[in-house]
Structure formats: structure tokens, C-alpha cells
Amino acid sequence: MPRIIALPLVCIVAAFSLSIGACGSARPSLHPDEPAPPPIEEALEPPAAAVYELNVPEGPRQGDPVFISVSSGAQGAFPSPAALAAMGLSLRLRYANGSLSPAAPLVAPPPPRRAVSLGGSQVQGSGPSAKPTARPVELAKQSLIVGFGALGIATRAPLGPASALLLHGDRVLAERDFVIAPRQFIAETLWLDRGLTSIRADPDPIKTEQAERYLKLIATVDPSAVFLNEGFVRPVAGNRRTSLFGTRRNFHYYGGGEAFSEHAGIDYGYPVGTPIVAAGRGRVVMAEDRIVTGLTVVIEHLPGVYTIYMHLSRMDVALGDLVERAAPIGLLGATGLATGPHLHWELRVLGVASDPEAWIGIDKVPYFRTINATIEGR
Ligand SMILES: [Zn+2]
């Protein structure tokens, strides 16, 4: 590890543990004759468990995506994103049967939607959208948030008691109990014609390659991919849902045979050419024509958090584009395996299919509500 990186990290972590704010004022010089700093693994030992507090949203259900944020009692000692990443802290869910969810890296909060000056309580009302009835906004809670992670509760997750865990390797630093509530998913039957049966059931090496690459992509967790800073918007202007999230599907094939699957997203039925927008801020990590899902856009919002837009008739973004919330990304269509024009909108969190509508609107995302409270006054 280069010393120029290791030294600031050591300093930040020491300040975090001991609640002293000496970082920056006594920056060590980097003279080549100085003794080497301690190994990075020791220096980045996380603070004692007592300083953490896990915040879990109220009443999550099967299929819900959840933000879990971590607060620290060590006020004024806020680790940098680099320090957090170097500590290697992660969040997991432990279900009633003892099984564990995939791990989300603990990452630092993204910047709020617009620049805002921090420093104690402030009165909202100085910006261009100032309201005359603005009230003081308490900033103390925000300053204590160390980081957060996004996790998905599987649609078939065990019901009842569960725990959110903050981990350093296998060691539990903090945990918080909560309860997973049940959710009813409906069943539907789809009759496929000869062409659609072929798309879904015929073996095809290109289809296999596309499926493997897609599954690998949505299972990728990049701790530096922190783009989302507020709740989602619905990607189409309207709420005409033609198939719900989590629906248990029974496909009847042309010429006989059937298959079962679970609908991983929500379908919105609208005419071909209806504008489609990005649900939230993020980076385009796939924009291509696929056999089963047609013209398909995948946007990465947070580590392991992706929204997917399928069956488009046109794509207006390319691989690597950074898109803002509500930015146009293409037009609705019926490409791929589609029985009619619709948008299939999907949310994957650490690979787990999660209800994308759960994150529509800032009030649905308490974590972002907190970090944006300085601007909104909510
Ligand atoms: Zn669908």
C-alpha cells in the first residue's frame, strides 16, 4: 500500500475511534527516511462495537428492498469514503432460519442533491426555492451517519424475526432485530404462441451467453458505485400495471409443455413509443439488444443496486453514460419475449429481485430523506 494513501487513512480511523479531531492539522510529512507506518490491516481496525447504531426501516415485507444506515456515537469523527472502503465493513440480513443474505459493503453517504453548506443548525430559506414558512432544520443526526448499505429481502425469505448485522469480516460489530412481514403474491397464466414459445424454450448458445453475462452483471458489487441520492420516480408517466412484482407465473407453451417462474419486476402497459426515464441517478452498465428481453437498459445506482428496463423500441443511452433521475433513456416497445407493448421494470439488490415501487418517492426512503433534509426542510 503506498504510504501516501495509508497515512491519511490511519489518521481518520484514529480520530473516529477516539473522538479527537487532529486530522489535517498535524499532517505527517512523507520524507523517505521516516519509519514505515504500521501495516494497513492493523491500522484500519474498526472502532469498538459500542459506537455503532443500526437503523432499519419499519415493517419490511418479503420482496422489499431496504436501506440500513449506521450511526456512530463518535460525533465529529466522520470517516472518509476511502477509510470506510478500506475498513471493509459490510451489512447482512440474518433470517429466522439462520441463513444470511448476500453482503452489502458499508459505503459513505452520497452527496445531497444540491450543494448545501453544513455546520450546526441552519434555517432553510436562503435558496431560490425558499419557502417563507421555513423552519430550522436539525443537522445533528446527519452528521452521525457513518454509512449505509442497500439489501434486498427475498420474496421467499423466512417470515418473522430477523436481524441486520454490521460485520467486519465474520465478526459482528453490531446488530439490530426486526420482523419480516408476509406478502401475498398473485398467480397468473400466460399462453405463448409459437414465436414466443421459441424465444423462451428453444436452446440457443447466444441466449445462454446473454443470460450468464446478465446474471454476472447484476451480481456485481462495486463499492465505489454510489450515485443514488434520493428516491425513485416511476420510469413511465402512469401506473397502468399489467403484471405485478412477484407474480407466480405459469407459462403454457405452444404445442404443449409448461414452465413456472416468478415475475422479477413490474410491467406497465402503454403504447409503443411512450417515453421511458431513469428511475434514479446512476450509470448505464448495459444497453443492448437481447433475445429474451429485447432492447434492454441496466442502470447501476449503488453497490449491487440495479434497475432494468426491458422490451424497449429505442434506446437513447449508451454503455457508461451517467444519467440523472427522470432523464430520458428510450421508448417503450414490445421487443423480445413480450405478449404486447409494455415496459418491464425491475430492481435487483445484490442479485435479489426486489419491488422497485418500494423506493418511489423520497418519503419512501428515510435514509435519503435524512441526508436531503437540509434542503427540503422535511
Ligand atoms: Zn415483466
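Two strands pair if DSSP finds at least two bridges between them. In this predicted model, strand β16 (residues 282–290) and strand β17 meet that condition, with seven bridges between them. The two strands run antiparallel. Three residues form the hairpin link from β16 to β17. Across this pair, Val-284 stands opposite Ile-299 in β17.

Strand β17 also pairs with β18. Six bridges join these two strands, again in an antiparallel arrangement. Here Glu-300 stands opposite Tyr-306 in β18. The hairpin of β17 and β18 has two residues between the strands. In this hairpin, Gly-304 takes a positive phi near 80 degrees.

Burial was then examined along β17, which spans residues 294–302. Nine of its nine residues are buried. Strand β17 is therefore largely enclosed by the rest of the structure. For the protein as a whole, 35% of the 378 residues count as buried.

In soluble globular proteins, nonpolar side chains tend to be buried together. The largest nonpolar core in this model holds 64 residues. Within this core, Leu-91, Leu-151 and Tyr-309 touch the most other members. Strand β18 (residues 305–312) supplies the largest share of the core, with six residues. Both domain 1 (3–183) and domain 2 (200–246 + 265–363) give residues to the core, so it lies between them.

Tyr-309 was followed in more detail. Its neighbours within four places in sequence were left aside. Tyr-309 is then in contact with Pro-235, Ile-276, Thr-296, Val-297, Ile-329, Leu-343 and Trp-345.

The protein has seven helices and 23 strands. Contacts between residues at least 6 apart in sequence were sorted by separation. Of these, 72% join residues at least 24 apart.

Terms used
Residues are numbered from 1 along each chain as its sequence is written. This is a predicted model: local features need pLDDT of at least 70, side-chain atom pairs count only at pLDDT 80 or more; totals for chains, interfaces and linings use all residues. A nonpolar core is a set of buried Ala, Val, Leu, Ile, Met, Phe, Trp, Tyr and Cys residues joined through C-beta atoms within 7 Å. A residue is buried if 20 or more other C-beta atoms lie within 10 Å of its own, exposed if 12 or fewer, and partly exposed in between; C-beta atoms are placed from the backbone. Helices (H or I, at least four residues) and strands (E, at least two) are DSSP runs, numbered from the N terminus. Domain bounds come from an automatic or database domain assignment. Two residues are in contact if their C-beta atoms, placed from the backbone, lie within 7 Å.
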